[in-house]
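I opened my notebook for another look at a model, with surface, cavities and salt bridges on my list. Come along if you like.

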Amino acid sequence: MNYSEALDAALTRLHDEGRYRVFIDIEREKGAFPKADWTRPDGARKEITIWCGNDYLGMGQHPAVLAAMHEALDATGAGSGGTRNISGTTVYHKRLEAELADLHGKEAALVFSSAYIANDATLSTLPKLFPGLIIYSDELNHASMIEGIRRNGGAKRIFKHNDLADLRAKLAADDPAAPKLIAFESIYSMDGDFGPLEGFCDLAEEFGALTYLDEVHAVGMYGPRGGGVSERDNLAGRIDIINGTLGKAYGVFGGYIAASAKMVDAVRSYAPGFIFTTSLPPAVAAGAAASIAFLKTAEGQKLRDAQQLHAKILKMRLKGLGMPIIDHGSHIVPVHVGHPVHCKMLSDMLLEEFGVYVQPINFPTVPRGTERLRFTPSPVHDPKQIDHLVKAMDRLWARCALNRAEMPA
């Protein structure tokens with residue numbers, strides 16, 4: 001086999017389909033977020049505004065987070081020095097897990113190197129703990145959940161997105177004595193829609209199933225202390241395992257699960273994705289703990305309120321231009337384009353001409369024909385930046401000749 005030609009063919013397919021992904025070289029400046037400097041392909045630098053970051057609340061720049069990281073770095077150095085089992089557990093890791101357990105009202109929490117790994121490692125381990133386990137998974141669950149369920153070798157059932165009737169039918173068709181787990185998300189990040197958490201919990205109780213909730217796009221963002229949609233809706237106590245990230249609203253890095261002490265102990269003891277991975281650097285753990293603690297306060301709620309307001313303003317103004325906005329009431333602002341080449345073209349022109357940085361979202365992240373730009377307003381995007389974005393979208397939408405009648409509903 002000519003391996004070089006095979007690689008060329010694989011990459012050419014992506015270019016031909018308009019799906020080839022280009023890394024944008026940006027440099028964030030402390031205290032200036034969402035502004036950043038972009039290094040163009042010709043080496044020139046241009047100031048841009050980031051409109052697609054997952055640092056939803058700007059906590060990656062917050063003084064409390066930076067101070068905690070500096071303190072830990074000065075006290076302990078750069079790395080943790082090992083896995084959690086072999087010299088990699090510090091006071092900072094324990095403090096972080098205590099903050100997370102308290103956040104979700106659980107007995108314990110377990111920190112992983114990312115929320116992807118937390119999902120993959122936990123869901124692939126559960127059948128070892130519950131032989132014969134059947135996992136019922138929403139069809140739009142994140143790739144990390146799909147991978148963990150696929151790798152565990154156990155039985156799985158995929159139910160239609162947010163469809164309680166379809167889930168009920170699948171639960172009812174299986175052996176009542178079989179162990180069961182329902183896996184779902186609180187906010188699905190591409191459309192910004194909410195999962196029917198209470199309905200899932202009701203079915204879990206009726207059929208004797210465990211519940212597994214991915215709160216990645218909701219932790220820090222919803223609930224009076226940032227515990228997510230499950231806290232906002234007073235449902236956290238009915239969820240057996242909650243997965244979250246430290247890299248989005250909390251502005252740092254890492255992932256976790258929160259559950260009963262016994263469940264956490266079992267996952268800790270059996271999951272290879274936890275056992276054989278170097279633990280987070282202490283400074284990262286310290287920064288994440290400080291961010292969680294801050295967002296539990298009234299000051300944290302002010303950030304959440306400001307973010308929601310900016311998201312509503314942006315949605316309202318883009319809708320006023322007749323653009324195909326999906327609005328489920330969450331903080332995510334998706335604008336459907338429906339064609340990968342047009343989506344990339346629009347993204348490139350926004351960056352080149354207006355200094356607006358938003359990445360195109362194409363297949364396989366979303367289904368073909370639903371390509372989109374996904375805007376993530378933050379509390380620190382000011383009214384002038386919102387106005388600049390709206391005017392840029394208005395001008396470029398017309399120039400690209402994107403016929404609104406052909407846009408996906």
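**Surface patch**

I found that Leu11, Tyr20 and Val22 make a nonpolar surface patch of about 240 Å². For patches I took residues with over 30% relative accessible area and no salt bridge, joining like charges within 9 Å and nonpolar side chains (Val, Leu, Ile, Met, Phe, Trp, Tyr) within 5 Å. Accessible areas come from the Shrake-Rupley method with a 1.4 Å probe, and for residues only the protein chains shown count as cover.

A note on the source: this is a predicted model, where local features need pLDDT of at least 70 and side-chain atom pairs count only at pLDDT 80 or more, while totals for chains, interfaces and linings use all residues. Residues are numbered from 1 along each chain as its sequence is written, and side-chain values use heavy atoms, with hydrogens and water left out.

Next I looked up Val22, which is found in the loop between α1 (3-16) and β1 (26-28). Helices (H or I, at least four residues) and strands (E, at least two) are DSSP runs, numbered from the N terminus. Val22 counts as partly exposed because its relative accessibility is 38%; buried means under 20%, exposed over 50%, and partly exposed in between.

**Cavities**

How many cavities of 30 Å³ or more does the structure hold? I noted 2. A cavity here is a set of points on a 1 Å grid over the protein atoms alone where a 1.4 Å probe fits but cannot get out, and lining residues have an atom within 4 Å of a point. Volume is the space filled by probe spheres set on the points, which are joined across faces, edges and corners.

The largest cavity has about 90 Å³ of space. Its lining includes Arg84, His93 and Phe112, and β4 (108-112) and α10 (272-275) are the elements that give two or more residues to it. The second largest cavity has a volume of about 30 Å³, and among its lining residues are Phe33, Asp55 and His381.

**Salt bridges**

I counted 30 salt bridges, each a side-chain nitrogen of Lys or Arg within 4 Å of a carboxyl oxygen of Asp or Glu. Lys35 pairs with Glu47, with the closest N and O atoms 3.4 Å apart. This pair links strand β2 (residues 35-39) to strand β3 (residues 45-50), 12 residues apart.

Arg317 and Asp387 form another salt bridge, at 2.9 Å between the closest N and O atoms. They link helix α12 (residues 298-320) to helix α14 (residues 383-399), 70 residues apart.

Methods. Buried means under 20% relative accessible area, exposed over 50%, partly exposed in between (1.4 Å probe, protein chains only). On a 1 Å grid over the protein atoms alone, a cavity is a set of points where a 1.4 Å probe fits but cannot get out, and a pocket is an open set with protein on both sides within 12 Å along at least five of seven lines; lining residues have an atom within 4 Å of a point.
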